[in-house]
Amino acid sequence: MDTTVLIVLILYLLVMLGIGYYFSRQNLNEDEFLLGGKKLPGWALAFSERATAESVWLLLGATGYVYTTGLSTIWLMIGTLIGIFITWLYIASRVMDETNKYGALTLPSLFSSKFPEHARLIRWFAGVVIAIFFTFYLAAQFSGAGKALHTAFGLNVNTGIIISAVVVILYSTMGGFMSVVWTDVVQSVLMLITLVVLPIVAYIKIQAAGISIPDSFAVAATPTFGAWTQGLTGFALAMMIVSEGSWLFGFLGGQPQLASRYMALKDTKDAHKGRNVALVWALLAYGGVFAIGILANALYGPKVVPDSEMILPFMINDLMPSWLAGLLLAGVIAAMMSTADSQLLALASSVTEDIIHKSLGIKLTEQQMVTLARLTVFIAGAAGLIIAYTSKSLIFTIVSYAWSGIGCTFSAALILALFYKKCSSMGIVVTLMSGLVVTIIWMNTPLEGIITSRAATFVIALALGALFSLIKPDKVKTEQL
């Protein structure tokens, strides 16, 4: 274990805890704890949104996927970038406007305020979806951090899982949305440095060694590594592109932990600043991920690590000086933290604001609501830790499952709520309910092998939501609750 790398990482973790402690000293009300009280600048929210969206699934899962699959993963990159661009260009500002109109603190609260006729059902179904899938999503983040710490320092994977989970739970519990966003800003910058610097250094080494990148395709993990289409044609090719590109559906504003950043924007000027930061970040980051996977195959071959999802930490240790390796490995841990903290807060928001406060009608003081939110963060984090400790599934697989259940379901509901004039309360309820059911069925049957649950969940939930909005329109006008 390199002492310099370890010292850099420890200092980084202490800084994260320090930010959480600073905001824990503030007298935060519920609005500030859950949504920042409209006090955060647009550029900071954009950095936070990007760091939150691109968890260890990107730095570990996606780089490992490119490393084993090859050029055809370009369709995944294109799909996600399309989703990010659509959201920041057309959805984010509309979510901000609706939030200002209804005074909502969470995405489920926004739905239920806009469609009050079945507000309680909306809150309950939304809460169930968030609770189920976010717990697994959290487990993926903790698992990824444990793997990274094992590769970097030789720590037992389970020990790494526990360390990372404890740090995230502590600073998320202390400072709420304010600490989460400002820690995300630091983490987002570290992630971007990792994804930009590493492929540049790898390419320089490849050129110096006289390695031919196209020739390396012949000895890759799969025979179709060098084919943009995996050698497929016709219907099979179309299904492959749909499967890879379907990640875009989860990016269409529906991830509650991402939507909270759009909801926290102050005005149009801030929204435009956030848009510009987010789009540049996404282009650089996704280009880096794709390059890292391709260059790793050329530089090391397909079997240099037993777990393909550890190729990025391996490259960092191999190519970088100790002090920079420590910083970049902190970027990997940052990817986990920036998503886990936001998921914890989104789950806490749903439980306290949507279920306990609004659905059950329990009256609590501002301070009691904040205390309850902190307790929920702790319990949800502990549940995610247990699953991470016991699960053996790949990060990419777990996140794909949660992406369908949460991202694609809520994206369908949000698009109906924002753009479909005939959308009704029952339409939103059916969208949320069908998204949950379709995801569970699809992921546990041979249907997943025919067409990905990400596409199926989004299309079916959207179609059923639109249909039931026509069958059962609202009898009362939309109003603020």
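Which residue forms a salt bridge with Glu 54? The partner is Arg 50, and the closest N and O atoms of the pair are 2.5 Å apart. A salt bridge here is a side-chain nitrogen of Lys or Arg within 4 Å of a carboxyl oxygen of Asp or Glu. The model is predicted, so local features need pLDDT of at least 70 and side-chain atom pairs count only at pLDDT 80 or more, while totals for chains, interfaces and linings use all residues. Residues are numbered from 1 along each chain as its sequence is written, and side-chain values use heavy atoms, with hydrogens and water left out.

Both members of the opening pair are buried, a term that means under 20% relative accessible area, with exposed over 50% and partly exposed in between (1.4 Å probe, protein chains only). Glu 54 counts as buried because its relative accessibility is 0%, and Arg 50 because its value is 1%.

A second salt bridge joins Arg 261 to Asp 184, with the closest N and O atoms 3.1 Å apart. Arg 261 belongs to helix 11 (residues 256-263) and Asp 184 to helix 8 (residues 157-209), so this pair ties together parts that are 77 residues apart in sequence. Helices are DSSP runs (H or I, at least four residues), numbered from the N terminus. Arg 261 has 1% relative accessibility and therefore counts as buried; Asp 184, at 0%, counts as buried too.

Helix 8 also contributes Lys 205, which forms a salt bridge with Asp 318 at 3.7 Å between the closest N and O atoms. Asp 318 lies in helix 13 (residues 311-319), so the pair ties together parts that are 113 residues apart in sequence. Lys 205 is partly exposed, with a relative accessible area of 38%, and Asp 318 counts as partly exposed at 38% relative accessibility. Salt bridges that share partners join Glu 49, Arg 50 and Glu 54 into one network. The count of salt bridges comes to six.

The packing of helices can be followed at helix 5 (residues 74-102) and helix 10 (residues 234-245), whose axes, lines fitted to C-alpha atoms over the stretch in contact, come within 7 Å and cross at roughly 50°. Angles run from 0 to 180 degrees between N-to-C directions. Those under 35 degrees count as roughly parallel, over 145 as roughly antiparallel, 65 to 115 as roughly perpendicular and the rest as oblique; the two helices are therefore oblique to each other. Trp 75, Leu 76 and Gly 79 of helix 5 meet Met 240, Ile 241, Glu 244 and Gly 245 of helix 10, where contact means heavy atoms within 4.5 Å.
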